[in-house]
Amino acid sequence: MGYPHKPHAKETKVLSKYFGDPEARTYKGWVKRGGYEAWRQAQTLAPAAITDLVKESGLRGRGGAGFPTGLKWSFMPKDKKKPHYLCVNADESEPGTFKDREIMRWTPHALLEGTAIAMRAIQAEVAYVYIRGEFTEPYAIMAQALAEATAAGAFGDLKIHLHRGAGAYICGEETALMNSIEGKRGNPRIKPPFPAAFGVFGMPTTINNVETLAAVPPILTNGPAWYKKMSLSNPKSTGTKLFSVCGHVQKPGNYELTMGFPLKDLLFELCGGMRPGRTLKACIPGGSSVPILDRAETEACLLDYEGAVERGTMLGSGGVIVFDDSADMVYQIMRLARFYAHESCAQCTQCREGTAWTTKILERILAGQGKATDLDLLLDLSENMTGKTICVLSDSCAAPVVSGIKKFRGEFEDYIAGKRKPVLVA
Amino acid sequence: MTRLVINGRSITAQPDQTILEAARAAGIDDIPTLCWYPKLPVVGNCRICLVSVEGQPKLLPACATQVADGMVVQAESHAAVENRRGVLRLLLERYPGDHLINGGRARPRNEFERYVVRYGVVPTPPGGRDLPLRHGDERPGDSMIRHDMSTCVLCTRCVRACEDIQVVGVLDVGQRGEHTEIIVGADGDPDKAGCTWCGECVRVCPTGAIFEVMPQQRFAPERIRHPDRVVRSVCPYCGVGCQVDLHVADNTVLRVTSPDIELDTPNQGSTCVKGRFGYDFPQHRDRLTKPLIRKGWVKEGGRWTWRGPTGRERRGGPWQTIEGEGQNAKPAGPPRSVGKSLRELSLLERLDLDIRDRGATPASWYEPFREASWDEALELTTQELLRIKGARGGDALACFSSAKCSNEENYVLMRLFRGALGTNNIDHCTRLCHSTSVAAMQRALNTSAASGSMREVEHAADVIFIAGANTTESHPVFGAAIKRAQQRGATLVVADPRRTELAGRADVHLQMQPGTDVALFTAMLNHIVARGFEDKPFIAARTTGFDAVRQSVRALTPEVAAKITGVPAELIRRAAEIYAKGPKTSTLWAMGLTQHANGTDLVASLLNLMLACGMIGRWGAAMMPVRGQNNVQGASDVGAIPFVYTDYRSVKDPKIRAEYAHVWGVPAESLSLKEGLMVTEIVKHESGVRGMYIMGENPIISDPDIAHAEHWFRELEFLAVHDLFLTETARYADVVLPGSSFAEKTGTFVNTERRIQLAREAATPPGDARYDLQILIELSNRLGLKTAHTTAQDVMREIVRVTPSWAGVTYERLDGAGLQYPVPTAAHPGTAFLFDQRFPTTDGKAIFVPVEYGPPVELPDDAYPFVMNTGRQLYHWHTGTMTRRATGLDQREPTAIMEINPADAAALGIEEGDLARVTSRRNSLVISCRISDRVARGQVFVPFHFREAAANLLTNPVLDPYAKMAELKCCAVRIEPAAVPAVR
């Protein structure tokens, strides 16, 4: 396998252009590659002008929700009365997603530059880069890059702090992340108020994903029109996106694609298809929190925000998890549920008890002790867990369960009916 | 106003209200809530209050969604109700709810179970549960609060109550996912986490997962849930005057809860540890249930005659004096078993030994007495009081009234001594409390009470300046309000020689040497004047005499003061600027200022600072002497002080005298025009007092020089003590009259913010003990002052006739939050703050009184190198008569301790818990040491609650010239390690 893999002709290298090039990690090396040019330009522009450029480019949040970035920035108070903050969400913990990690590993200055530009756009003087605690190497590289850039005076009066997480998935949720920065338990907050009004330390705050911010400098240097043009399907999804492919493919890894690229081509051309003798069974295209696609849906899916929704799932973070015909879908879904049960912040009743109960039932089924009523109970629980909680963690747990039962019901029933050998011990 | 529709009903709401608030305000009460609680931050995590809102794809939390114009809410939509069932079902899967299996016939035990029954949710049958019961920290061995976390529904009300109401932060949510639990500190030990046992968590818990231990030990659960009655009363401890609900079963208070938070009581639903857990002393086995007469009194030929020993033996007994009693400590309570699960404890430990059985009154103390009938006891008392009056005149008699008793009782006792015995020798513990404040406030403002309210300090003050008040321990509910004010953004400046909790939290802590407050406040004023920060319009319009003060502060620059006080000049300047800039600064002080031989000057210098900055007479700029006892304000208001009748009307004025004589039905001449003696003057040989009546006070522990006091009391011709227990003072009595506790009486009390509140009788006095008022009325009649009253309400009707500022008070009007006087008419709503227009002086202006700094009377020297400070602890009250007989409280602090700085302790070779001998120029005692950096180097702190190490043996009895206050806060002592006695 090896990483970075050799670029594929069908990739569009913008963010990943310098992946694998250690010199790009240094301040000098980055400047030599045209880095910090966008930041220089941004400093000549009014904050609103930067926001307008980003709006025009059609850039949407790459963390999962796909919210238009320029619009988000424009929510910040224009008439600044309190300190403004920028939070950079580098707490990449979504199972199957590993794109932000590579950006921080190879092109830390792209992120820092994007951060500085965003800070100017939203009039923030302080930014917190909240880096997942397990990311030791990316953190070290980011720290080195920040030190070099700061030493070179790249950011003037702007203060960028790196903040390390302590191993909670939920801290990637924007308001939980803010609580965590404040030193509190990482519980998501009720919205409204939204971060633009009441964010970190109660001050107006914008929070952006690593990949989103890393995409900002090229937009400034090449112009929004250039970015907007990169769209293969729906004009509402523009630019390039990193897709982290994992699972049963020959060549897993990060692939940077223009929005609207067919999922089938990604799996069978860029990733080399299934292992010999295996066929595609299912795919989760947007990180573990989105509904599962079966084979037909996968092959018909286009990789942009609208294309995914058309197939009944979501583009999410772009973490593509692939299953071939050897996969035990009940087991896979139990693993996902167990993950969410472990990571629930436990605020909301439905999530705390629902994720644990769902896991318990799935474990029971896998242990050959499932009851006939269990599938109904699971669907009932999932119904209870969808759309009722403060954040979407419990929805995320319910999504694969509901779509899994819908699409692979036979596998569940086989375990319950004792037609399949139990794989877990009760 | 916002218009919206809820359940088809059109209602209006404030734009900032939530759907839940709007619904409840409109009487739509059926939106269920678990995590929501009045005044707690909204977290919206239980998700049971979700409602349907037209046009919204998802259900919305009613508790966290603001109303909007035109909103159409369906609280009982199918989706909403299904969600509620779902939530309850999920919670019930981990809840021991087997008793709820039978659905409609189930008897719900708590808030949560009521919802379960209401929504018809049926728990999984026993044995079929998919999820295990929850667990969490259990506080095993805790004498007051325990947890049974299997019934916890993780609503986190307790966590928020601890963090946001009490601002303590002991409880938290630990772990995550299904392992989530409520934790106590980091390791389950409430002690280490800083718990104050306020019980706020008990109050807010919707399932009883956090519960009080004591009721469970004494009553069946069914009895606790369904008491005979619940009676509103007033907490018997500090001057905050918390209203409490007494739950009564079998004529016993079984538990105390606080009234709903929505009611406008001073405590707004909170209590402190004393209020919630210190209620069981009235049932202590030491409680007197029959009058006692000293053996030796015999009735011969219709008269009582003393036939016992004379001289020193006259009032002797098998006991030692307080001085000699040094190490007769009570045995320690059972050890707490921190870190073990409740289930691991042996049964004995689980139940806790009832430590009330630790003999607070030694058996030998009863020996010199015999039980008597009421007729005998009152007859003897009447005979002796009248005999002494006849032989030596009324001024040979004196009484200590009680700040623990109601206004009505104090009034009747005052009336009895003035009307029947013709003396003004009536005083109570205000003398050792805020008498210097009253003296200073009388001079400057002609007032005797706080100008403002506690809630303006909490909600409106920008700066809170606290001088010599350890509010979080002595007035914990108010202390929490101050902490909340600081969280709201108020700046906190604390002047205190000790680093108390508030000092530790303060924005500026002025840690001065004890007794140097005048220098500190004067230097602050010096800086304010030098910078021109004083409130010139206020000074010009509302005060006189500022020029003299301006002159007098000139020399005391912050630099000079820094040398005297030990506070850096820069800090003094900063504090001064914060104080002066306000814009609304509230000024609080308590015993740290007043209990000095120059207490009046100390308070006067603070008042000068306050007046110069104009920090009075506006909402948020309050002058608050924080009162100690629950009725020290009221006892003074109704005239239980030697110079005045009710409403501070002078005894020297014949016109006023005539008015009282008329109301009392006595000839005017029988009332004395001579001002009486004060507490500290009475207990002196030159006072000429030979007979005393003491109601509910214990001067042998609280007098500033108790070795002398004990000697003086032994020399009396006659001493009657009216109390609940055979106190250290009562053991020298001729007659001991068993009275009623706070729970056993109806009467009114005045708190520190002039709020008159009504306490109602919850139980009858035990045995032959009588209502205090009944005793006083009968004594009054026997002494020849006809008193037709039978109830407290009758007495109040007479009080309001002679008390103009209470004229509008009736018992009916006192229902609810009470009334803040002045209440001059029946329609007057009471007065939350005073002096917005004028001061009650003759010209309506406040008077500046120049004050010179003088050092404390006793400074440390080579022989006595430490400064000793005295005061109170969180868990005890004054001489410990009540709290040392309250199970939970006494277990928290069972023995006397002295706080000493770690550096000093190390230099002396003293370790935590070691005994040390503390010696002042007057006396010596042995006490165990608690090493704490709350005290500065060179200082020690000794609480005055403990008879076995009575702090007031050591204190300096030198008196304030104006108020006759003693120097209780500052005396020089020597400290040596003491050997541990072989047998304890």
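View 1. The contact (heavy atoms within 4.5 Å) takes in 30 residues of chain B and 28 residues of chain A.

**View 2. Charged partners across the interface.** Four salt bridges are found between chain B and chain A, each a side-chain nitrogen of Lys or Arg within 4 Å of a carboxyl oxygen of Asp or Glu. Here B:Asp130 pairs with A:Arg364, with the closest N and O atoms 2.6 Å apart.

**View 3. A look at B:Glu93.** Is B:Glu93 buried or exposed? B:Glu93 counts as buried because its relative accessibility is 1%; buried means under 20% relative accessible area, exposed over 50%, partly exposed in between (1.4 Å probe, protein chains only). Leaving out residues up to four places away in sequence, B:Glu93 touches A:Trp357, B:Thr124, B:Gly128, B:Arg129, B:Asp130 and B:Leu131.

View 4. With a relative accessible area of 36%, A:Phe67 is partly exposed.

**Reading the views.** Residues are numbered from 1 along each chain as its sequence is written, and chains are lettered from A and ligands numbered from 1 in the order in which they are written. In this predicted model, local features need pLDDT of at least 70, side-chain atom pairs count only at pLDDT 80 or more, and totals for chains, interfaces and linings use all residues, while side-chain values use heavy atoms, with hydrogens and water left out.
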